[in-house]
Amino acid sequence: MKLAIGFLCLILNDVESFTLPFKTQTRSQSSLSTLSNHAQEDEPGTSISRNAFIDGVLNSLIVSSAALTTTLGTATQPAYAASNEKPKEFIDVGTQAPAPEGEREFVELANGVKVKDFRPGSGDDVVKSDSSSVMIQASGRLLNLNGVVFFNTKNNNPDGFGAVPLSINLGKGETIPGLEAGIVGMRKGGIRRIIVPADQAYSKFPNLQPQPTNANDQRALDSVVKNPRRDATIMFDVQVERFR
């Protein structure tokens, strides 16, 4: 663009003396005769109109500038389109890596919850979907925030005599469905990791248990659950203390 403007200034300085060279060039006799005839026919218009010439140059510059703007605008457009579809890496978040040799794989339940036992527990009795009360120690992590802890029963120690377990009454609609489904089948003393998809956790059931015990943990949970661009998958590590 600077080169074009400089060229225009140079032309404007010389435009007064710019005339068709019908009378000033030295040519052969036949050429002079021909040019003389043209000069006589075109005498009134031998000098190019200053305004017409300027208009022509300016129009050319405008067209060139518009073309350049269009090209640059197109080149700087992002190479992706906005989409509500979650990135592929979020689909199996927390479970995409194969289990180390000798360890169990995650088992996926019908509702999309994934579970993996680290300790089977003891006894023949297992937690059932109609168990009236289950006492657990548990921690909850936000996978989309690199595993930030938003809930931990160890922080529930009001009298200083140890962490108070979380009491879950199954089938009462008090606890997020994904966690309830994940603890079914556990034995006393068993430890299990439970991956709960967003639609079985706080995205659809924001007021159900377990809830953060302080303002900082609540803000961390809200930053994921209330942001549609983030994956709200939750990971719980649970140990069953007792149940009936």
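1. Is glutamine 137 buried or exposed? Glutamine 137 is buried, at 15% relative accessibility (buried is under 20% relative accessible area, exposed over 50%, partly exposed in between, with a 1.4 Å probe and protein chains only). This is a predicted model, where local features need pLDDT of at least 70, side-chain atom pairs count only at pLDDT 80 or more, and totals for chains, interfaces and linings use all residues. Residues are numbered from 1 along each chain as its sequence is written, and side-chain values use heavy atoms, with hydrogens and water left out.

2. Glutamine 137 sits in strand E3 (residues 134-142). (Strands, E, at least two residues, and helices, H or I, at least four, are DSSP runs numbered from the N terminus.) Its side chain makes a polar contact of 2.5 Å with the side chain of threonine 153, and also reaches the backbone oxygen of alanine 163 at 3.3 Å. A polar contact here is a pair of N or O atoms within 3.5 Å; within protein, one must be able to donate a hydrogen and the other to accept it, and residues adjacent in sequence count only if both atoms are side-chain atoms.

3. Now for proline 165, which lies in the loop between strand E4 (148-152) and strand E5 (166-168). Proline 165 is buried too, with a relative accessible area of 18%. Setting aside neighbours within four places in sequence, proline 165 contacts Met135, Ile136, Gln137 and Glu241.

4. On the strand pairing: E1 (residues 107-108) and E2 (residues 114-119) are antiparallel over two bridges (strands pair if DSSP finds at least two bridges between them). They make a hairpin with five residues between them, and glycine 112 in the turn has a positive phi of about 95°.

5. Lysine 114 in E2 stands opposite glutamate 108, and has isoleucine 195 in E6 as a bridge partner. E2 and E6 (residues 191-196) run antiparallel, joined by five bridges.

6. For the whole chain, there are five helices and seven strands, in the order α-α-α-β-β-β-β-β-α-β-α-β. Of the 244 residues, 30% count as buried.

Notes
Contact means heavy atoms within 4.5 Å.
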